[in-house]
Amino acid sequence: MKKQKNILITLLLTFGMTSWAQQTPANKQTEAITITGATAHIGDGTVVENCTIVFEDGKITALGSGETTQGTVIDASGKHVYPGFIAPVKELGLIEVNAVRASRDADEIGDMIPHVRSLIAYNSESKVVESMRPNGVLMAQITPKGGRISGTSSIVQFDAWNWEDAAVKVDDGIHLNWPSSFRRGRWWLGEPRGLKPNKDYQKQVTEVETFLQNSAAYGGNTAKELNPAFAAMQGTFNGSQKLYLYADGEKEIIDGITLAKNSGIKSVVLVGGYHAYKVTDFLKENDIPVLVQFTHNTPNFEDDDYDLPYKLPKLLSDAGLLVAIQNGEASNFQTRNLPFYAGQVVGQGLAKEKAVQMITGNTAKILGIDATHGTLAIGKSATLFISEGDALDMRTNQLSHAFIDGRNISLETHQTELWKRYSGKYEGE
Amino acid sequence: MKIRLFALAILWCGSTLFAQDYFPENDGVKSKNNNYTAFTNAKIYVTPTQVIEGGTLLIQNGKVKQVGKSVSIPKNSVVVDAKGHSIYPSFIDIYSKFGVEQPKRPSGGGRATQYDASRQGFYWNDHIMPENAAIAKFKYDDKKAKELRDAGFGVVNSHIQDGIVRGTGVLVALNGSGDDSNRILDDKSAQYLSFSRSVIKKQSYPTSLMGAMALLRQMYSDAKWYAAGNSDTKDRSLEALNENKGLVQIFEAKDKGHALRADKIGDANGIQYAILGGGNEYERIAEIKGTNAKFILPINFPEAYDVSDPIAANYVNLKDMRKWNQAPSNPKILADNGIPFSLTLYDLKSPSKFKANLMKAIKYGLPKTKALEALTTVPASILGKSGSVGSLQVGRQANFLITSGDIFDKETTLYENWVQGQKNVINDKNQKDIRGNYDLSAGGMTYKMSITGEAGKPKIEIKQDTNKLKSKLSYKNDWVALSFATDKGAKNYRMTGLVNKASDNIKGKLTLPNGNESTFAAIKTSAFTKDKKDEKKDASAPEVMPVTFPNLAYGFKTKPQAETILFQNATVWTSEDSGILENTDVLIKDGKISKIGQNLSAGRAKVVDATGKHLTAGVIDEHTHIAALAVNEAGHNSTAEVKMEDVVDNEDIDIYRQLGGGVTSAQLLHGSANPIGGRSAILKLKWGESPENMIYSNSPKFIKFALGENVKQSNWQSFSRFPQTRMGVEQVFMNYFQRGKEYDTKKKSGQPYRYDEEMEVIAEILNGERFISCHSYVQSEINMMMKVADHFNFRLNTFTHILEGYKVADKMAAHGAGAGTFSDWWAYKYEVNDAIPYNAAIMQRQGVTVAINSDDGEMARRLNQEAAKTVKYGGMTELEAWKMVTINPAKLLHIDDRVGSIKVGKDADLVLWSDHPLSIYAKAEKTLIEGATYFDLEVDKQNREAIKKERTQLINMMLKEKAGGGKMQGPKMSKKERMTCESL
């Protein structure tokens with residue numbers, strides 16, 4: 001019996017691990033770890049060469065050249081260390097396979113449903129989430145999609161047994177898809193494809209306005225029956241939650257931000273921002289950070305510069321805005337390309353460390369987790385990784401180690417296992 | 001009761017003026033009017049080029065009897081003095097739906113797809129309806145006829161505007177006094193065709209333009225085969241088609257490209273279509289001229305965009321602004337190029353807009369003679385009816401217009417439109433011209449009144465001192481009714497009076513604001529003169545923007561030419577065994593790579609300093625769907641008969657953008673809707689060239705096959721089409737290849753056979769003349785496909801996508817199949833669950849030729865980066881990685897003897913990169929195809945400035961148009977759908 005059990009365990013370990021299970025989350029950090037000799041990309045725009053980084057109990061305790069080593073020492077000479085990259089506005093863990101309806105949990109029905117929460121549907125054992133890690137993407141803002149107000153997001157890290165353990169910041173923000181002043185022709189009804197003015201735009205704006213007014217009024221009411229939608233908005237009025245406003249056009253950006261501010265919402269983040277570069281003064285005046293669309297896009301307008309999506313983050317950054325890169329509109333699996341989206345901007349003349357900031361320090365600041373994450377700094381979470389070379393370039397983005405809260409996480413995935421399995425098949429022949 | 005009604009009906013019919021000679025007469029005695037009508041002293045346009053001043057037109061019994069300077073007028077003539085008037089042949093529209101009931105798209109729908117024909121005894125495809133006859137649906141429409149006559153038309157050719165083959169038209173004179181026995185000039189006047197499906201037929205094939213084209217080709221071939229008596233069954237469609245062969249064939253193209261497509265089909269079948277144009281023929285005028293077709297042009301020009309809101313103005317593309325600016329010159333450009341064309345009211349909201357649009361075309365340079373020809377002699381000649389209509393030569397129908405002067409002048413009044421000798425008054429020509437300036441005395445005050453505009457439809461302006469008053473005028477049957485209001489509209493003065501032909505002054509009755517009655521008098525002070533300012537405005541030729549190649553943003557003013565260029569001191573990635581050559585020069589000449597070496601002498605070559613830069617062969621994309629007007633023909637599960645070469649879109653901005661990413665060649669594949677898809681187009685991305693010039697000369701032949709979820713239609717609600725499983729997919733192939741083999745055997749045996757384009761293509765595959773690019777995902781189906789190929793003794797050339805190729809890479813290598821794969825895509829559907837980014841590396845190591853491809857208009861412009869991912873995933877060397885987007889795809893496409901590497905003698909398709917080409921930081925600075933520079937960062941910068949400038953210029957012109965009261969349309973953006981494998 002005991003022998004049988006042992007066999008079973010061995011079987012599970014050998015086959016179970018390689019054929020279906022996800023990577024087992026790493027154990028809590030129990031002893032200090034020191035990385036030495038690294039080029040440390042701090043995530044705030046600076047680099048420390050020949051850097052020693054020490055972390056204990058999941059937190060960075062020492063950082064600089066010449067710091068004393070402690071515990072396990074990892075020699076990272078010639079290698080690069082980065083804070084874990086952070087992916088905003090993603091439905092990772094909410095959708096596993098796009099075409100399989102049963103695996104989609106990102107878009108609830110209803111127009112104004114801020115009370116719908118992503119966190120409880122987040123699948124911490126998603127194979128897609130796992131595949132982010134070997135590229136250095138270690139955290140994300142898990143975000144519902146669709147409707148006018150899609151729901152409430154939460155921020156997670158990518159090595160956890162369950163959503164509760166994964167949570168870094170619970171219910172961090174509300175996501176509002178601002179109406180478009182132009183809409184696509186309904187070609188299936190014989191209208192020409194392409195864009196034409198949306199006659200309902202003002203009506204749709206008024207609907208949002210009414211909803212925000214009612215939400216604000218609801219907050220002042222003490223004896224009340226619970227209205228889940230209005231109740232869910234309260235954090236945006238008291239500043240504990242951010243409002244993520246999705247808008248691309250000049251008019252939409254100005255209308256949306258003006259209305260949000262006038263409605264008493266404390267902290268607004270612009271998401272998308274295709275034409276944000278035309279209204280940078282307005283954004284600066286209102287102190288609005290931008291989660292700009294990812295660079296691997298084609299221009300929305302035929303007459304636009306062919307490289308506009310490549311340089312858009314730079315245009316906004318040059319104008320003095322706080323900018324981070326998101327790929328909310330891309331398939332989940334693409335999110336592992338986040339470092340390369342940032343690399344693309346460097347090709348347009350942005351300083352490399354500024355590009356790193358756009359997927360680390362700036363992202364953490366915008367998401368409101370910069371006290372604990374986003375940069376390599378003493379006291380912050382040891383969520384970081386070591387790459388053989390420049391992590392923004394695909395040729396040299398080669399991870400040897402990654403840590404989440406100091407835990408040495410696996411860099412294997414469903415995909416690396418298949419790779420090894422089939423390489424083994426051919427080598428064995 | 002019933003009998004009485006019947007009798008009444010007979011009485012009514014019998015009372016028509018035009019009772020035929022041999023019909024019995026019961027409402028009186030037979031009588032006939034054989035009198036003549038003579039119009040004397042007129043300026044007569046016998047034809048647009050034969051004009052008689054002070055001539056006489058003599059008509060009798062609806063026909064022209066005599067016309068000329070000295071015509072002897074018979075005694076039994078009604079003589080009309082037309083002094084000062086002009087007489088023109090009335091207009092003809094040969095693309096009309098007048099009086100013919102048109103099928104309407106049924107609302108709703110959403111039923112299961114219908115694959116089979118709904119008719120019995122007709123062609124297998126419901127959209128082919130040569131047996132349709134407009135005459136069967138014809139009912140004379142009096143109201144519409146009047147509208148048309150008011151616009152100057154006398155004869156129209158009408159048809160059922162539905163389906164791909166639409167049957168015959170009916171030629172009708174707009175004679176309201178007669179009946180169908182006189183009006184119908186021809187009940188089988190022409191045959192009409194198009195590329196558009198019937199709106200009422202549900203049969204799903206063809207879903208695409210290329211399907212419609214294939215269907216037409218097959219239909220013509222079947223008609224010949226049928227005519228030779230090869231069919232055992234009756235096909236009324238083919239019989240009708242063969243019967244209609246002698247008629248004029250009119251093709252509805254509505255676009256320059258479609259016109260060329262239609263003409264090609266016509267040429268292959270010995271038919272010269274007359275073509276309904278789209279108004280954009282000027283963009284490819286030389287090729288349009290080359291069709292030798294006569295055109296029928298709609299005269300519906302785009303309205304200006306309302307760009308007063310600068311944010312909204314951003315949504316309007318330069319292309320569409322230009323179209324507004326350029327399109328009115330289309331008729332002029334056709335005329336300049338000697339292309340015969342007629343004009344049609346087709347697509348015009350109302351015939352009443354016709355004159356204004358025609359005047360616009362004339363303002364943009366269309367000669368008046370050409371305009372008149374386009375409305376008279378040309379349409380008549382297209383239909384082969386010059387003997388009866390279209391001119392006022394003796395014996396022609398007496399269809400003519402009487403006008404106050406030059407018919408193409410703004411102020412000219414159309415008095416009468418005679419059809420078949422029947423008079424129709426549009427404006428009373430005997431009514432006095434009251435235009436001029438007057439002193440108007442009314443209610444004890446004197447006002448300044450001026451009457452302008454058309455003599456038949458005059459406009460009024462009344463001023464009190466310098467204040468313009470609200471005023472109104474109507475003038476009909478010699479009576480004027482006019483009113484004006486003073487005190488900001490509070491006090492109304494209303495007047496009416498009969499115009500006295502003998503006096504220039506107008507007098508009559510006046511009702512004062514207080515209701516009291518009085519009289520008014522308008523004393524003429526000066527004669528009417530044309531507004532000088534107006535005239536000046538009209539005379540100035542509008543500025544027309546130059547057409548670029550293609551005619552949108554970033555198009556070329558002149559097409560790029562091959563140059564002799566020396567790239568000096570580059571890091572050269574050869575994609576050959578020589579690998580990477582540092583500090584190397586490359587000389588290109590006559591479109592080819594001429595020399596590779598160090599310190600090459602420049603001679604006359606243009607020198608490009610490439611120090612610190614990287615020179616590579618152009619990137620080749622094995623799998624693209626850009627530059628296509630259609631991707632899938634989804635109407636059948638096998639569509640080998642369709643060709644992507646038929647639907648290449650050379651105006652897709654993605655072509656330019658991909659040049660900006662170093663892409664020079666691409667295989668434009670059919671989509672993955674069917675197990676057997678359509679034939680590929682292998683393209684060089686020569687931005688600005690015609691589709692024909694983009695397609696490889698001597699192109700290798702390829703076809704798309706597909707497996708898995710898409711062909712099973714797994715991801716949408718479709719349960720009726722075979723195959724629904726991977727098991728069924730195999731059976732489709734086995735069946736088609738077996739049939740193809742049998743077809744080929746029969747053909748080669750010399751026995752008579754029915755030409756079948758689809759089977760011809762299958763036979764090409766079996767004979768090793770055509771290669772397959774097979775969309776594939778999971779290992780089971782990949783293996784199956786190779787076994788099918790083995791069974792039929794051919795090699796499966798390329799698996800595309802092939803995301804589980806790594807699981808059967810050894811088998812692929814043994815079979816000799818190549819692979820074109822994504823670098824890192826997965827998780828988008830169930831069948832890519834086991835897709836891994838290490839796929840390319842594993843396959844390559846097993847000896848498979850591997851390319852990294854895009855299937856995506858965005859990714860394609862960064863294929864260099866996608867190749868770099870194989871370094872990250874699976875540890876490819878940089879040299880091997882680079883081959884995956886250059887020489888390897890060239891090998892897969894059988895074009896590696898021409899492109900894919902830097903080798904002396906190969907095409908000079910090159911990219912100069914700012915940095916290591918696999919680096920995320922690299923930019924393509926120059927992209928050349930055959931020695932001509934199609935993309936250049938510096939030129940791109942200039943383009944941006946030029947676009948800004950031209951947009952501003954056009955926006956200003958449109959603002960001016962708006963200020964001048966021109967009709968506007970809201971800002972909108974035409975946008976092409978970005979297509980993928982699955983686009984329908």
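**Sheet in chain A.** I started with the open sheet of eight strands, which has mixed pairing and the order β6-β7-β8-β9-β12-β13-β14-β15 in chain A. Strands here are DSSP runs of E with at least two residues, helices are runs of H or I with at least four, and both are numbered from the N terminus. Two strands pair if DSSP finds at least two bridges between them. I found β6 (85–90) and β15 (323–326) of chain A at the edges, each pairing on one side only. Neighbouring strands of this sheet are turned by 30° against each other on average, direction ignored.

**Ground rules I noted.** This is a predicted model, where local features need pLDDT of at least 70, side-chain atom pairs count only at pLDDT 80 or more, and totals for chains, interfaces and linings use all residues. Residues are numbered from 1 along each chain as its sequence is written, while chains are lettered from A and ligands numbered from 1 in the order in which they are written.

I looked up its partner: β6(A) and β7(A) (residues 137–142) pair in the parallel sense over four bridges. A:Phe85 has A:Val137 as its bridge partner in β7(A).

**Helices on the sheet.** Next I checked α7(A) (residues 250–262), which lies across β12(A) (242–247) and β13(A) (268–272) and runs at about 160° to β12(A). Angles run from 0 to 180 degrees between N-to-C directions, with axes fitted to C-alpha atoms, for helices over the stretch in contact. Helix α9(A) (residues 308–318) packs on the sheet too, touching β14(A) (290–293) and β15(A), and its direction makes about 160° with that of β14(A). Contact means that C-beta atoms, placed from the backbone, lie within 7 Å.

**Helix pair in chain B.** Residues making the contact include B:Leu318 and B:Met321 of α9(B), and B:Ile947 and B:Leu954 of α26(B).

**B:Asn477.** Is B:Asn477 buried or exposed? I count it as exposed, because it has 8 C-beta neighbours inside 10 Å (buried takes 20 or more other C-beta atoms within 10 Å, exposed 12 or fewer, partly exposed in between, with C-beta atoms placed from the backbone). B:Asn477 is in the loop between β22(B) (467–476) and β23(B) (479–486). Its C-alpha atom is 9.3 Å from that of B:Asn430, 47 residues apart along the chain.

Technical notes
Two residues are in contact if their C-beta atoms, placed from the backbone, lie within 7 Å.
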